[in-house]
Amino acid sequence: MKHLKLLLLAVLAVFAASACSQNKEEKTMEKKKVLVVYFSATGTTRQVAKQIARLADADICEIVPAKSYSGADLDWNNQLSRSSVEMGNPEARPEIKAVSVDVSKYDYIFLGYPIWWDLAPRAVNTFIEAADLAGKAVIPFATSGSSGIANSVADLKKSYPKIEWQTGKLLNRVSEKEIADWFSAYIK
Ligand SMILES: Cc1cc2nc3c(=O)[nH]c(=O)nc-3n(C[C@H](O)[C@H](O)[C@H](O)COP(=O)(O)O)c2cc1C
């Protein structure tokens with residue numbers, strides 16, 4: 001009887017072990033769903049966003065302002081230009097075209113933008129507030145003339161604490177290998 005019990009226990013243990021490893025295998029084989037969302041006024045961030053999407057086999061979606069920015073709108077030397085006025089007002093939320101993407105489907109969201117006055121352009125705030133990103137892993141990336149990304153990410157983190165912000169990266173003139181190495185640290 002004692003031997004029979006031991007045998008039964010051993011059989012159960014083998015079953016349990018194989019179920020666990022199979023579970024693990026299923027987990028690692030599961031493909032993560034990745035979305036790249038970006039805003040770009042003059043095309044630089046768009047180019048990087050497209051590279052990330054291609055390399056990560058991700059879906060891509062552009063944040064498009066309802067009224068596009070003209071050259072004069074982007075003149076940072078003019079305190080009265082549209083971008084200067086928007087960036088001078090933390091409450092500014094320029095209207096954007098409806099984004100037809102269901103963010104809840106994705107495991108990771110890469111969020112890209114150009115640095116404007118050391119911050120993310122306000123259209124990015126408009127997008128974040130329209131999409132429900134609470135609890136989502138959001139990985140910021142940016143392009144700039146020379147500024148870093150840190151201040152813009154700190155500002156976004158402070159404004160939207162329910163989002164699981166990941167370390168952001170400035171992607172100025174980076175190689176495809178650098179991009180691939182960077183995002184593969186997130187998407188396993
Ligand atoms: C209104 C405005 C403000 C900017 N402010 C900064 C800044 O604070 N620091 C910086 O390094 N570059 C700044 N730039 C440069 C852009 O970040 C840079 O050219 C970026 O790559 C443009 O991206 P895009 O082509 O995707 O719009 C600014 C550009 C504009 C139009």
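The largest pocket is lined by 26 residues, and P114, I115, W116, S144 and G145 are the ones nearest its centre. The model is predicted, with local features needing pLDDT of at least 70 and side-chain atom pairs pLDDT 80 or more, while totals for chains, interfaces and linings use all residues. Residues are numbered from 1 along each chain as its sequence is written, and side-chain values use heavy atoms, without hydrogens and water.

A pocket here is an open set of points on a 1 Å grid over the protein atoms alone, where a 1.4 Å probe fits, with protein on both sides within 12 Å along at least five of seven lines; lining residues have an atom within 4 Å of a point. The volume of the largest pocket is about 620 Å³, taken as the space filled by probe spheres set on the points.

Helix α2, residues 44–56, gives the most to this lining, with 5 residues. Helices are DSSP runs (H or I, at least four residues). The lining has 10 nonpolar, 14 polar and 2 charged residues; Gly counts as polar.

The ligand takes up the largest pocket (more than half of its atoms lie within 2 Å of the grid points). Around the ligand are 19 residues, and S40, T42, T45, I115 and S147 come nearest; a heavy atom within 4 Å qualifies a residue. This shell divides into 7 nonpolar, 11 polar and 1 charged.

Now the polar contacts, pairs of N or O atoms within 3.5 Å. A ligand nitrogen is 2.7 Å from a side-chain N or O atom of S147. A backbone N or O atom of W117 lies 2.9 Å from a ligand nitrogen. A ligand oxygen is 2.8 Å from a polar backbone atom of A41. The protein covers 85% of the 640 Å² of accessible area that the ligand has on its own (Shrake-Rupley method, 1.4 Å probe).

Definitions and conventions
Helices (H or I, at least four residues) and strands (E, at least two) are DSSP runs, numbered from the N terminus. A polar contact is a pair of N or O atoms within 3.5 Å; within protein, one must be able to donate a hydrogen and the other to accept it, and residues adjacent in sequence count only if both atoms are side-chain atoms.
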